[in-house]
Structures are given as structure tokens and as C-alpha cells.
Amino acid sequence: FRRHFIALTKASGQGDLEATLASAKTALKIAKKQKWLDLQVVVYMAVGATHLNVGDIQSALEQYSHAEETAAVADEKGHPAGKQLIVQARFAKGAALVSDGNFKEAAPLYESIAPLTIELEDRIMSLEAWRMAAYCYEASKNWQEAWRCGEAALDVGEKMDDEKRAASTLPYVGQGLLRLTQKRAVRDREGHVHVKMHQLVGEYSQ
């Protein structure tokens, strides 16, 4: 498996889709025979990334869906990395949808990641899930849902310690919320956002 997976990653890095798929097929065959669910997910993710890099969004989404389904089975069977693998697969699917400009489908997908990150006690990923959901709702011109998710991201940021907050994408949350304050629905909240962001991150780029 290791030998074929190394060949897969090398071919993927070179943009050689045919060689990537050939190595992936063999690696998957071995992983399935050995019932290595986590390694199956890794292969699907790698192939999905290769498709995404060459602009084949639909094939990338198919591979990421296989990864998510396999990760869900791993989680059901009690694999310790099951939920983390689901999160990774959904983030990858979201990135593919955003690349394709499909923000309406990406928004609820990103939002669906948040409950899993809470179970994993991963506030960095929780904030990122809410932030991307807000971004995608905003891109879909669904201002109210974008504001709700942005506020959820801000709430996560408030609960972080200083070190994690500094490493997070919280400043982008603030930028997104400030953009939304220019929309009629939440225009009166600009001052609220400024105060919160200065409390949490100090000076930041607007």
C-alpha cells in the first residue's frame, strides 16, 4: 500500500491524472482487502485533490463524497479518527463547490461541519466552518443566514485562548461581518462588530 500511495502522490504532484488513478486503484484494492477504512479515505482525498487541480470539479466531488461515506463508516465502527476524517472530507467538498462558484450548496455543507468540530473540541476548525458558511451565504446574498453564521464564528473566537485566537481566521470573520453591516438587514450592528473585534484581536485590517 505504501509503495502505491507514494506513487499516487508523486503522480498527483506532477499532474499526471492517468498515473494517479492507476496507483489509486491498486492502493484502494489493498486498503479494502485489509479493511483499512482510514487509508481508503486518504486515497479518495488524494484523487479528489488531483481532479480539483486539473479543474474537473464533478470528479473531485465524487471522490470527496466517497471519502465522506467511508469516513462515516469508520466513525460508526468506532475508529478514533472517524469524525476528523468526516470533517476533512466535508471541508474538501466545500472547497470544490466554492471553486465552482456553487455557494448555495457549499453554505449548508460548511454549516454541517460545525457540530462535528464541537464534538472534537476543535475550536479552530469550528470557527473556520462557521466562517466559510457565512462567506458562502453572503455570496448567495442570503444576508440573514450569513450574519447568523458569522456571529456563531465570532462566538467561537470569544471562547478561544489568546494563542489559538492569534492562529485563527478570526480577523476574516470580522471583515465579513463588517461587509454585512452595509446591508439593510444588519446596518445598525457595525459598532457592535468593531467593539468585539478590537476586544478579541486588537487592530485588524478592515
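Colleague: At roughly what angle do the axes of helix 3 and helix 5 (residues 82-99) cross, and are the two helices roughly parallel or roughly antiparallel?

Modeller: In this predicted model, the axes of helix 3 and helix 5 come within 11 Å and cross at roughly 10 degrees. Angles under 35 degrees count as roughly parallel, and therefore the answer for helix 3 and helix 5 is roughly parallel.

Colleague: Which residues of helix 3 meet helix 5, and how many residues of this contact are charged?

Modeller: From helix 3, Asp-38, Val-41, Met-45 and Leu-52 take part, and they meet residues of helix 5 including Leu-85, Ala-92 and Ser-99. The residues of the contact of helix 3 with helix 5 divide into seven nonpolar and two polar, while the number that are charged is one.

Colleague: Where does Lys-35 lie, and is this residue buried or exposed?

Modeller: Lys-35 is placed in the loop between helix 2 (17-33) and helix 3 (37-53), and its phi is near 60 degrees, a positive value in a residue other than glycine. Most residues other than glycine have a negative phi. The relative accessible area of Lys-35 is 70%, and because the cut-off is over 50%, Lys-35 counts as exposed.

Technical notes. Residues numbered from 1 in each chain as written. Predicted model: local features only at pLDDT ≥ 70, side-chain atom pairs only at ≥ 80, totals over all residues. Heavy atoms only, no water. Helix = DSSP H or I, 4+ residues; strand = E, 2+ residues; numbered from the N terminus. Buried < 20%, exposed > 50% of the residue type's maximum accessible area, 1.4 Å probe, protein only. Axes fitted to C-alpha atoms, helices over the stretch in contact; angles between N-to-C directions. Parallel < 35°, antiparallel > 145°, perpendicular 65-115°, else oblique. Contact = heavy atoms within 4.5 Å. Nonpolar A, V, L, I, M, F, W, Y, C, P; charged D, E, K, R; others polar.
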